[in-house]
Amino acid sequence: MIGFSLWDILRNLLLALRWTVALSLLSFLLGGTLGMALLFMGNARSRLLRKLIRVYIEVFQGTPLLMQLFLVFFGLALFGMEVPAWLAASLALTFWSASFLAEIWRGCVASIVSGQWEASACLAMSHFQQMRYIILPQALRIAIAPTVGFGVQIIKATAVTSIIGFIELSKAGTIITNATFEPFTVFGLVGLIYFLLCWPLSKYSQFLERKCNVAHRH
Amino acid sequence: MSLIAIENVKKSYGSNLVLNGINLEIDAGEVIAIIGKSGSGKSTLLRCINGLETIDEGIISVGDVLLGRSERELRALRLRVGMIFQQFNLFSHLSVGQNVMIAPVIVKGVKQQTVRELAQQNLARVGLAEKFDSYPDQLSGGQQQRVAIARALSMQPQALLCDEITSALDPELVNEVLSVVRKLATEGMTLVMVTHEMRFAREVCDRVVFMHQGKVHEIGAPEEFFTNPKSPELQQFLGMACV
């Protein structure tokens, strides 16, 4: 029987960690972009568009990420589209994080007092200019901490994609356990790695929150 | 022809009729004070003139621009009328200079250098030339309000709407703002101000409008208006206000 050293286990987990990080970053960036688009469309004049955005956000926040993942992975397959696991994982996480980020940012925008909207409107700015130059710069200050905080949620949520066979940290943990029969060691390490990834981010988020509350401008 | 024309304007919030058929013509260079009890519709009327509130009926025009509902129509109108608020509403993330410069740059596309000179001129006009690089939260209320005036002036409007611009100020800061407004009035700026400063209205304004229950109840030149009010409502209001 072949023996596995702790280093063998750790090395393979760290290799799989690349995919957790890549998937997290991709989902965060694409989800953030889509979320920003949703934020702008949520303010649109068209009632129908606003309704649709609401429905989108409610649906993606009101159903488990796992179901969304299954729907993308198996649902598209029903239509004859062969979706690789990495693509299904990225799509589902992007849609999911967009719904949360859009809502987080909507709250930040809503917290900007109406006087800022009125004053900029009175200077003949368009809606886009108001958002771009007046509202978002002020909302950003408030948004940094919860946005980084949600980044932590995304990292942890990538674990779900192991179910459809995407080999990231958790899936690698399962595979290695099946070979080594040392679940406690392996998943202990997996947990530790997630923690080392998320904890500094959480701390950073708390730091930003304090900093943005103290310094009121710039 | 009058600069601002308001014809039979009506507006209600639900079943509450706030403006009940307002007619008012304001000439270029005129200084108008609108007074009345709270809830009489004076602020609402002011906010209707530049489309911050929508009207249910009637017509409002400023110069050759008719108040419309689309963003394009509203922006065309707002290029002609500036507004100053009770709460100043300065952009807190921008310096004083940037507050004054931002709209001409992004809305009118004026060159940065030209706008900077204009901003410095306008800040000098309100006596705050040296505050160009300060931030709003470093200024007193009176200074913030004067920056707000400079910001509105930087768009070179034909008229300014002032919505109780001294009501949020400590008493000792009221005069520095009013003296700026007085200067604008003598320079020929068209001003429509909702105010509680009766003495100021009397000294500076060409006409005073008394609003009552959503209507222009009484209107006239200040001397006649204050010394010889005709309607019992105005008599009562002025009595309450102790003029």
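Let me start with Asn89(B), which is buried, because 23 other C-beta atoms lie within 10 Å of its own, and the cut-off for calling a residue buried is 20 or more. Please keep in mind throughout that what we are looking at is a predicted model. If you follow the chain around this residue, you will find Asn89(B) in the loop between strand 6 and helix 3 of chain B, the helix that covers 96-108.

Gln213(B) sits in the loop between strand 9, residues 207-212, and strand 10, residues 215-220, of chain B.

Strand 6 runs parallel to strand 7, residues 159-163 of chain B, and four bridges join the two. To pick out one position, Ile84(B) has Cys162(B) in strand 7 as its bridge partner.

Stepping back to chain B as a whole, we count nine helices and 10 strands, and buried residues make up 48% of its 243 residues. The radius of gyration of chain B is 18 Å, which agrees with the value near 18 Å that a compact globule of 243 residues would have. Along the principal axes, the C-alpha atoms of chain B fill a box of roughly 55 × 40 × 35 Å. Of the contacts in chain B with a separation of 6 or more, 65% are between residues 24 or more positions apart.

Finally, let us turn to the other chain: which parts of chain B touch chain A? In numbers, 21 residues of chain B are in contact with 18 residues of chain A. Helix 2, residues 71-78, strand 6 and helix 3 of chain B each supply at least two residues of that side, and helix 3 gives the most, with four residues. Sorted by class, the side of chain B that touches chain A has 11 nonpolar, six polar and four charged residues.

How values were computed
Residues are numbered from 1 along each chain as its sequence is written. Chains are lettered from A and ligands numbered from 1 in the order in which they are written. This is a predicted model: local features need pLDDT of at least 70, side-chain atom pairs count only at pLDDT 80 or more; totals for chains, interfaces and linings use all residues. The radius of gyration is taken over C-alpha atoms; the globule rule is 2.2 Å times the number of residues to the power 0.38. A residue is buried if 20 or more other C-beta atoms lie within 10 Å of its own, exposed if 12 or fewer, and partly exposed in between; C-beta atoms are placed from the backbone. Two residues are in contact if their C-beta atoms, placed from the backbone, lie within 7 Å. Two strands pair if DSSP finds at least two bridges between them. Ala, Val, Leu, Ile, Met, Phe, Trp, Tyr, Cys and Pro count as nonpolar, Asp, Glu, Lys and Arg as charged, and the others, Gly among them, as polar.
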